[in-house]
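Please open the model in your viewer and keep the selection tool at hand. The stops below go from one selection to the next, and each says what to look for there.

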Amino acid sequence: MFLRTQTNGDRTYLLLAENYRVDHKVRQRVVCRLGRLDELIASGQLDSLLRSLGRFSEKYTVLGAHANGESITTRTRRIGPPLIFQRLWQECGIGPALSGLLRRRRFEFSVERAVFITVLHRLLAPGSDRAAEKWKQDYAIADADELELHHFYRAMAWLGTPLPQAEQGAATPFVARTIKDLVEEDLFARRRDLFSSLEVVFFDTTSIYFEGEGGQTIGQYGHSKDHRPDRLQMVVGVVLDGEGNPLSSEMWPGNAADVKSLVPIVERLKTRFAVGEVCIVADRGMISAETVEQIAKRNWKYILGVRMRSSKEARDEVIGRAGRYSEVYAESTDVKDPAPLKVKQVRVEDRRYVVCVNEAEARKDRLERENLVASLQDALEGGDKSLVGNKGYRRFLRTSGERFSIDEEKIREEARYDGKWVLTTNTQMAAREVALKYKQLWMVEDIFRSMKSLLETRPIYHKRDETIRGHVFCTFLALVLRKELQDRLEQRGWTLEWADLIHDLDRLQEVELQLDGKAYVLRTEVKGSTAKTFQACGVAIPPTLRPGSLPPDQA
């Protein structure tokens, strides 16, 4: 049954009607005429009728009382993120992996819950473990209320605890094997049936500086990618498979050079995950002549970026070598299409290079240089002193006594690199495949940008290496969950901005309230992309209203 109106002339009547079916067709019939709508409203009879009906519908009684301020709200908590990421936590195998490792341990608190809360905090409001302990109070997370700050510290220390000496076979020269390595290996084993081997792996590193003491050994001074040479730091690496799934996280002291880390990490990877033949894809910062030599000795396949300006062979023999480019992707006006790409193969003795060029980037590089040179010319007319502190200007300047002038030779030299990058490889892949595999490495760099923004690990206040390793490893687990959620959305053809997705999930709340001696839980409205996110993860949206429980002293 339902209410509807009927208008005759200038009068509107309120009717109680119902649907019925005749010959497979839906018809309507009037059950009762309640009267003129304006008179029912003016006399208050309509309100009385609705209140009377509400006695037989607890849901609408509670909703109406809450809207009129007649209920008592006892607590409001956010429920969207815990529901979604708890499901992914279990289905990715993180929860079961931790529970399996903890089975023989006797902690007086739930380590698995402490790690989950820390990871969820990374995804939603990155910060310290101190902040996570307070932040959790606003979220409906199972078994979270019993956890205190020292529990989070102990959970982080457990993740970073070194394994017994008998289990150190796959350790690197930089750091011992720890509990977190067992978690990574368990996660890999759980999804191993999805692929038979790791044919391609991507590896990149970043540095993270400390607000505190930086542990006993892991915090060291080194080349800071954060431009904070005054702070102790650590180096963090992430390994991804060919599909972009995070495989492992690597951590070592801040004074360890990237170029010395690649070979030990790959050897460790092959041991930990029983990898046979593997192709390493790494960027220019990971490469040195010694690294390439060690890789070649081990007969590993590789696709490596080359520093065009500092490599004499690339600068003098590869970049300028004549030859036709093959088009991989043409230029397009559709922003969804891949960036334009052309490739050319060059051999120098037994070494194979692939020169890649993006014509759109080449035009952009040329325009930026022309604008810089024009600005430089204007600055020269204003006097030399204004040029000394400008790094961009210095690239194209030469000195003549005490005077500066524009170096045309440097400008012509720089133009050779417009829109280009050079790769070296010992694979038999076609040049276009080499270029496309390397472009996938940029996915890793995107993840690092995510680590330093949405998944910001700082500040790190911990004083012990174990807790630092556990703290950073939670960022890796957050990446695992984020990748899984994005994959599920993409499988349904949905592309959602991460910040918008998190914002919409965070708006879904539940309100605990009391009315007439009974407790209820009221869910707020589902907004934005939340419904799609729940659907992609196979999670049911909670009902608008459900029974709650009174506090023990009121029950």
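Helices (H or I, at least four residues) and strands (E, at least two) are DSSP runs, numbered from the N terminus. This is a predicted model, in which local features need pLDDT of at least 70 and side-chain atom pairs count only at pLDDT 80 or more, while totals for chains, interfaces and linings use all residues. Residues are numbered from 1 along each chain as its sequence is written, and side-chain values use heavy atoms, with hydrogens and water left out.

Select Leu 3, Leu 49, Leu 50 and Leu 53, which make a nonpolar surface patch of about 340 Å². Such a patch is made of residues with over 30% relative accessible area and no salt bridge, nonpolar side chains (Val, Leu, Ile, Met, Phe, Trp, Tyr) being joined within 5 Å; a salt bridge is a side-chain nitrogen of Lys or Arg within 4 Å of a carboxyl oxygen of Asp or Glu, and areas come from the Shrake-Rupley method with a 1.4 Å probe, where for residues only the protein chains shown count as cover. Helix H2 (residues 45–54) gives the most to this patch, with three residues, and Leu 53 is found in that helix.

Turn next to two places where a charge sits over a ring, meaning that NZ of Lys or CZ of Arg is within 6 Å of the ring centre and within 35 degrees of the ring normal. Arg 29 lies over the face of Tyr 20, at 4.4 Å from the ring centre, and the charged end of Arg 309 sits over the ring of Tyr 417, 4.4 Å from its centre.

Now select strand E17 (residues 518–523), where five of the six residues are buried, that is, under 20% relative accessible area, with exposed being over 50% and partly exposed in between (1.4 Å probe, protein chains only). Strands pair if DSSP finds at least two bridges between them. Strand E16 (residues 509–515) pairs with E17 in the antiparallel sense over six bridges, with Gln 514 opposite Ala 519 in E17. E16 and E17 form a hairpin with two residues between them, and Asp 516 in the turn has a positive phi of about 55 degrees. E17 also pairs with strand E18 (residues 545–547), in the antiparallel sense over three bridges, and there Val 521 has Arg 546 in E18 as its bridge partner.

Finish at Gln 345, placed in strand E11 (residues 341–348), which counts as partly exposed at 39% relative accessibility. Gln 345 and Thr 424 are 79 residues apart in sequence but 9.7 Å apart in space, C-alpha to C-alpha.

Key. Patches are made of residues with over 30% relative accessible area and no salt bridge: like charges are joined within 9 Å, nonpolar side chains (Val, Leu, Ile, Met, Phe, Trp, Tyr) within 5 Å.
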